[in-house]
Amino acid sequence: MNNDVERIICSEEQIAVAVKQLGARITEDYAGKRPVLLCVLKGASLFHADLIRAVNLPCEVDFITAKSYGMGAKSSGKLRILKEPDINICGRDLIIVEDILDTAVTLSALIHTLLESKPSSIKTAVFLDKNIGREKPVKADYKCFDAENEFLVGYGLDYAERYRNLPYVGVLKREIYE
Ligand code: PRP
């Protein structure tokens, strides 16, 4: 599996430091609050698991699975929710936890959909910000790393459902997906 990776862009050690720093920021920003950290499955699962342990607050955790309609050129921006959060988020401070922000079609639609449940606030925490191919004007409130426009795998990111369990983020060799 490691042989399929051309180079590592975030090592296990760098990830640990960045996630701990982000957890400390969230702890400070939400002092006295009880935010809900909502993991967007499946990609954000590893980041979410590490982040919640770095947040020193009586937070709650939940999960959502959503697929955007037409992720291609003609996205409607509408979401199909495959798994709803269990917690009633009305009046809650919500932090959406995502592994990667790319076109922002997913996050933009997710925010739009979740606002219908009237949370008291919504912020976004993304592990990687690929600020190149944005189709929607969404900015991450919190992020760990910026990323180039490369095919990235590991730490939750997949290619055809593989490589999510790599403990680092790396660039997938072109010959694997071409
Ligand atoms: C990935 C990622 C984000 C989305 C980002 O999810 O986890 O949800 O794509 O891309 P965007 O900014 O262009 O919308 P994916 O649909 O691959 O599902 P997964 O999390 O199960 O891998």
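A salt bridge here means a side-chain nitrogen of Lys or Arg within 4 Å of a carboxyl oxygen of Asp or Glu. By that definition, this predicted model holds 15 salt bridges.

Take Glu 60. One of its partners is Arg 34, with the closest N and O atoms 2.2 Å apart. That pair links distant parts of the chain: Glu 60 is in strand β3, Arg 34 is in the loop between α1 and β2, and they are 26 residues apart. Glu 60 also meets Arg 92 in a salt bridge, at 3.3 Å, N to O. Arg 92 lies in the loop between β4 and β5, so this pair ties together parts 32 residues apart in sequence. Is Arg 92 buried or exposed? Arg 92 is buried, with a relative accessible area of 13%, while Glu 60 is partly exposed at 23%.

Another salt bridge joins Lys 42 and Glu 161, at 3.1 Å. Lys 42 sits between β2 and α2 and Glu 161 between β8 and β9, both in loops, so parts 119 residues apart are tied together.

Now the core. The largest nonpolar core has 26 residues, and Phe 47, Leu 51, Phe 127, Leu 128 and Val 169 touch the most other members. Helix α1 gives the largest share, five residues. Apart from that core lies another, of 18 residues, including Val 40 and Leu 94.

Last, the sheet. Three strands form an open sheet in the order β1-β9-β8, with antiparallel pairing. β1 and β8 are at the edges with a single partner strand each, so one side of each has no neighbour in the sheet.

How values were computed:
Residues numbered from 1 in each chain as written. Predicted model: local features only at pLDDT ≥ 70, side-chain atom pairs only at ≥ 80, totals over all residues. Heavy atoms only, no water. Core = buried A, V, L, I, M, F, W, Y, C linked by side-chain atoms within 4.5 Å. Buried < 20%, exposed > 50% of the residue type's maximum accessible area, 1.4 Å probe, protein only. Helix = DSSP H or I, 4+ residues; strand = E, 2+ residues; numbered from the N terminus. Pairing = 2+ DSSP bridges.
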